[in-house]
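Open the model in your viewer and keep the selection panel at hand. We will go from stop to stop, with a word on what to select and what you will find there.

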There are 2 protein chains.
Amino acid sequence: MITLDLTLPDTRYPIHIGHGLLDQVELILPHLPIPQVAIVTNDVVAPLYLERLTRQLESHGVHCIPVILPDGEAHKNWQTLNLIFDALLGANAERKTTLIALGGGVIGDMTGFAAACYQRGAPFIQIPTTLLAQVDSSVGGKTAINHPLGKNMIGAFYQPKLVLADMDLLATLPERELSAGIAEVIKYGLLGDADFLAWLEANMDKLRARDPAALQYAVRRSCEMKAEIVGQDEKEQGVRALLNLGHTFGHAIEAGLGYGHWLHGEAVGAGMVLAAAASQALGWLSAEDVQRVVTLIDAAGLPVRSPDFGVDEWMRHMGHDKKVESGVIRFILLKQLGQAVIQPGLPPALLDTLFSGPHIDATIPH
Amino acid sequence: MITLDLTLPDTRYPIHIGHGLLDQVELILPHLPIPQVAIVTNDVVAPLYLERLTRQLESHGVHCIPVILPDGEAHKNWQTLNLIFDALLGANAERKTTLIALGGGVIGDMTGFAAACYQRGAPFIQIPTTLLAQVDSSVGGKTAINHPLGKNMIGAFYQPKLVLADMDLLATLPERELSAGIAEVIKYGLLGDADFLAWLEANMDKLRARDPAALQYAVRRSCEMKAEIVGQDEKEQGVRALLNLGHTFGHAIEAGLGYGHWLHGEAVGAGMVLAAAASQALGWLSAEDVQRVVTLIDAAGLPVRSPDFGVDEWMRHMGHDKKVESGVIRFILLKQLGQAVIQPGLPPALLDTLFSGPHIDATIPH
């Protein structure tokens, strides 16, 4: 097991990365202010891991309230969030009851937001069960639900007390979810570490074959980069926006297709291709650079072409992005491979070309 | 105009108290990061003040998004909160759009919570239009909505950039709302300032007659006490709990009768009588002390007797209080008039007597 620390002005918490951590309940116990937890999970993860975690905690005298939500991004909304509040209040959960998120990004985001709001703030712990959640969404305290008019529009910055990334949980992850997680791993290479990008090109086969050492290295390097960036800019006043590489386009894809049709990581994969293409149009990347991006994302098992919404619908969906300032969309683009920058606005002609160009696929139904 | 400062570890903001402040738009303008605001109000306040505020702001080039909600505590829920999000997203409001709460406690709490959650945190300003909101809920950053199983159960600590308490707005306040606000004013005297309590006994007639000087003094002294306590303990780890004098009982009354039947201040009034009676049962207050409390609350035009739920229902509703720790209800009681303390738990026999005693009125329908 290796442990990273995320250090913020007001708090600091450990990110444990390793094998067999779900059974090491002694990592969790010191973080519980009272011996009561609510374990929030979904109907896919619950049969795999809920009983195991519950048994461990209860053997140490911790009362566990199970909260099992329907699976999927389509359920990342107020109705589902309210099921958490109903369960907490129904079980007389207190302000010091710890919420444990046992699941992927959707469970982590919703549980974190529920913890942020329950009695104005209850403690919470992240146990991410997908690669995407381990490398990205479980770290850094962004929590949210979706609104029909925009993804993650309702939420809070609210930090967990602990992140427990158990590599063994990835064994049960469907192929498609694994690829979606690799999208966020590629993001770190593209935005800030050309060496890591080269490592990913060389090791993509191992990652997809779930080689334990390769997976642990990818999670570790991703969490290191995330912890460093979030430590500099918790509330996304500046550099943290770079972590949204591919996400402005990706969120538009998710909203345009309807949440849940593509996985978040899939939309981010295709979104990063558009970011690379836009960067080429600005003269920052070469055609070869863009081809490297396309090849790597394709090798990860991710879509490299985006739906053909037409430029107006693209702009409308991107207009709800949280990075919009004074009406200007702040795009995250690439000065070079391994160096992302914030680009406020793009020329309309460039956008017209981008959204009708070779990285758009008119055959994707929407 | 007088200005108090609320100083917290991370922030500091002014509370302006005076006459004619709604027209002094120069107090607001420096706090807007971009010239766009959403003015959240209700269908009672909107016809009185919305156009006036909008005209002032627009004459200085500020774009105003009006959001008019249904009035009343019964609407302090997710459905109504979502109307704010719908309006914000429908108008492409950004992360730096300022939400202005123009209304009473319900509007302030909901607008603050919407601001806390919108894009993970937008700026907000409080313009309280009721006495209750001016002396209590607009100051200190407690925001929330109700859940069917408990009041203010879903919320956030989220501070405004500015509080503008315009005494002139109280001219249109219904009698019953004025009394409800006086309940919170009395609370400050009871919990921490015996001199202020004596002043209230001597000046209750003036307050109810809306004497401008008396009102301004009551708002100022209340806000001073609130700012001092919140400055010591923003997140209610300790002393801030004293501000809940009368509220554990009061919240149970509101939940038991259904939100909106009694005004919050009315429930707090009757709740303070129960707190005084419980304090007498512990030997802390004399019968004369309790009679002083009853007389003052009655003189304020507030109910002094609570509904007869029976002890089990009382306990059930109080069990959802946010001050419950490890199953023990932390009551706020009075060591003496002018000095509140936290009392963890009360003997069952005392509670039996309290909830069937002279301060309970079986004729109140529920």
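## Stop 1: a loop in each chain

Begin by selecting A:R210, which sits in the loop that joins α6 (194-208) and α7 (212-232) of chain A. Keep in mind as you look around that this is a predicted model. What is the phi angle of A:R210 near? Its value is near 60°, which is positive, in a residue other than glycine.

Now jump to chain B and pick B:R210, in the loop between α6 (194-208) and α7 (212-232) of that chain. For B:R210, phi is likewise positive and near 60°, and here too the residue is not a glycine.

## Stop 2: the annotated binding site

Next, select A:E184, A:H247 and A:H264, which carry the UniProt annotation "binding site" from an unreviewed entry. These residues are spread over 81 residues of sequence, yet they cluster in space, with a largest C-alpha distance of 10.0 Å. To place one of them, colour helix α5 of chain A, residues 175-192: A:E184 lies in it.

## Stop 3: two domains in chain A

Where the two domains of chain A meet, 37 residues of domain 1 are in contact with 37 residues of domain 2. Between them, these domains of chain A bury about 3100 Å², and 66% of that area is on carbon and sulfur atoms.

The rule finds 12 residue pairs in polar contact across the interface of domain 1 and domain 2 of chain A, both residues being at pLDDT 80 or more. Several elements on the domain 1 side of chain A each supply at least two residues that touch domain 2: β1 (2-7), β2 (12-18), α4 (131-137), β7 (142-147) and β8 (150-157). Of the elements on this side of domain 1 of chain A, α4(A) gives the most, with six residues. By residue type, this side of domain 1 of chain A divides into 18 nonpolar, 14 polar and five charged.

There are also four salt bridges across the interface of domain 1 and domain 2 of chain A. Select A:D136 and A:K226 to see a salt bridge whose closest N and O atoms are 3.1 Å apart.

## Stop 4: where the chains meet

Bring chain B back into view. About 3300 Å² is buried between chain A and chain B, with 54% of it from carbon and sulfur atoms. On the chain A side, select A:W78, A:L89 and A:R120, which lose the most area to chain B and together make up 24% of what that side buries.

For a pair that crosses between the chains, select A:K96 and B:E325: their side chains meet in a salt bridge, 3.5 Å from N to O. The rule finds two salt bridges across the interface of chain A and chain B. It also finds 11 residue pairs in polar contact there, with both residues at pLDDT 80 or more.

## Stop 5: a tie within chain A

For the next selection, take A:K76 and A:D109, whose side chains meet in a salt bridge of 2.7 Å, N to O. A:K76 lies in the loop between β4 (63-69) and α2 of chain A and A:D109 in helix α3 of chain A, so the pair ties together parts that are 33 residues apart in sequence.

## Stop 6: an annotated span

Finally, highlight residues 67-179 of chain A, which the unreviewed UniProt entry annotates as "domain: 3-dehydroquinate synthase N-terminal". The end C-alpha atoms of residues 67-179 of chain A lie 27 Å apart, and this span is 34% helix and 28% strand.

Conventions. Residues are numbered from 1 along each chain as its sequence is written. Chains are lettered from A and ligands numbered from 1 in the order in which they are written. This is a predicted model: local features need pLDDT of at least 70, side-chain atom pairs count only at pLDDT 80 or more; totals for chains, interfaces and linings use all residues. Side-chain values use heavy atoms; hydrogens and water are left out. UniProt positions are given in the numbering used here, feature names are shortened, and annotations may be inferred rather than shown by experiment. Helices (H or I, at least four residues) and strands (E, at least two) are DSSP runs, numbered from the N terminus. Contact means heavy atoms within 4.5 Å. Buried area is the accessible area (1.4 Å probe) that two parts lose on being put together, summed over both. A polar contact is a pair of N or O atoms within 3.5 Å; within protein, one must be able to donate a hydrogen and the other to accept it, and residues adjacent in sequence count only if both atoms are side-chain atoms. Ala, Val, Leu, Ile, Met, Phe, Trp, Tyr, Cys and Pro count as nonpolar, Asp, Glu, Lys and Arg as charged, and the others, Gly among them, as polar.
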